[in-house]
Amino acid sequence: MDIEGRLAERDRSSCSDPEHEERSRSSHAPEGPPAEQPPAEEPSADQPPADPRPRTGAPGARPWRRAALLAAVSMALVLLVSGFVVQPFQIPSGSMETTLRPGDRVLVNKLAYRFGDDPRRGDVVVFDGTGSFLQEGAAGNPVTGVLRKAAAAVGLAEPAETDYIKRVVGVGGDRVICCDKRGRIEVNGRPVNEDYLYPGDTPSQVPFDTVVPEGRLWVMGDHRSASRDSRDHLGEPGGGTVPVDQVIGRADWIGWPFGRWSRIRGPEVFAHVPGPGGAPGAVRGGAHG
């Protein structure tokens, strides 16, 4: 039996048909010539090449926006603190020398009298003089007034013409007299040795005898010969006294210049002054720490 011949024949039948393979390859190939891709357009000499990076706005615009937003938020916080807590106040004149000098910036504590406490003798206070030192508010351009008020609120400009800074000498019910035989001011019958006065100044060259109405203050500058204060308004409504509710706050610190940084303390010279009527022990408005 020709076994080898059969195996050879079987091997030839199991091999792939060359024609079948050719048909199989041609069935997977796309018919016709391949489509030609259009050549990429080259940028002309007048047209700059396209930037592959995504556009996010003008260069540097975002940092400027952040800086402007930060500045606006910071200014809002400063104005908020200045309006309700602590306000810088620029000293406009020499009426409070040598305690305060022109150009000093003091920090005015607006919370000092917000919780039931009243101004005390010896306190240095900032107040609105409309209706007491000035019978009418200052007129002017409203836009300029707003800008100046904002600048004054951060200590960059002098305060409004209606704002004053003086020292409290008498509170409601006090009788304030100038002067005794030694030229000193008396409060409720007690002479006061005002050691904070400008060197060479007398307590007052204008004699007066006044009883401070309740809810009002008698205020004077430390540089008496250069200060327009309660003495200059004796014949006006209120007799030169200032309503307590017109007080903006108490000056507690000198914040600028740095060389004069210090706390403004109430003097001890008022600690021995009795209350109205001279009742023993009825001390009102003693010095604060």
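Reply: The model is predicted, so local features are described only at pLDDT of at least 70 and side-chain atom pairs only at pLDDT 80 or more, while totals for chains, interfaces and linings use all residues. Residues are numbered from 1 along each chain as its sequence is written, and side-chain values use heavy atoms, with hydrogens and water left out.

Strand E5 covers residues 175-178. Helices (H or I, at least four residues) and strands (E, at least two) are DSSP runs, numbered from the N terminus. In a regular strand the side chains alternate between the two faces of the sheet.

Six residues lie between the strands in the hairpin of E5 and E6, where Gly183 takes a positive phi near 80°.

Cys178 and Cys179 form it, with their sulfur atoms 1.7 Å apart, and a search of the whole structure finds one disulfide. Cys178 counts as buried because its relative accessibility is 7%. Cys179 lies in the loop between E5 and E6 and is partly exposed because its relative accessible area is 30%. The peptide bond that joins Cys178 and Cys179 is cis, with omega about 5°. Most residues other than glycine have a negative phi, and most peptide bonds are trans. Another cis peptide bond runs from Glu97 to Thr98, with omega near 0°; Thr98 belongs to the loop between E1 and E2.

Beyond E6, the loop between E6 and E7 contains Asn188. Asn188 has a positive phi of about 55° although it is not a glycine. Asn188 counts as buried because its relative accessibility is 14%.

Val176 also belongs to the largest nonpolar core, which has 15 residues; those with the most contacts inside it are Val169, Val176, Ile185, Phe208, Trp218 and Phe270. E5, E6 and strand E9 (216-220) each supply at least two residues of this core. A nonpolar core is a set of buried Ala, Val, Leu, Ile, Met, Phe, Trp, Tyr and Cys residues joined through side-chain atoms within 4.5 Å.

Salt bridges complete the picture of the surroundings. A salt bridge is a side-chain nitrogen of Lys or Arg within 4 Å of a carboxyl oxygen of Asp or Glu, and by this rule the count comes to nine. One of them joins Asp222 and Arg167, whose closest N and O atoms are 2.7 Å apart. This pair links distant parts of the chain, 55 residues apart: Asp222 is in the loop between E9 and strand E10 (242-243), and Arg167 is in strand E4 (residues 163-170). Both Asp222 and Arg167 are buried. Another joins Asp104 and Arg260, the closest N and O atoms being 2.8 Å apart. Here too the pair links distant parts of the chain, with Asp104 in the loop between strand E1 (86-90) and E2, and Arg260 in the loop between strand E11 (247-256) and strand E12 (262-263), 156 residues apart. Asp104 and Arg260 are both buried.

Finally, Pro203 lies in the loop between strand E7 (190-192) and E8. Pro203 is buried, since its relative accessible area is 15%. The C-alpha atoms of Pro203 and Arg224 are separated by 6.6 Å, although the two residues are 21 apart along the chain.

Conventions:
Buried means under 20% relative accessible area, exposed over 50%, partly exposed in between (1.4 Å probe, protein chains only). Two strands pair if DSSP finds at least two bridges between them. A disulfide is a pair of cysteine sulfur atoms within 2.5 Å.
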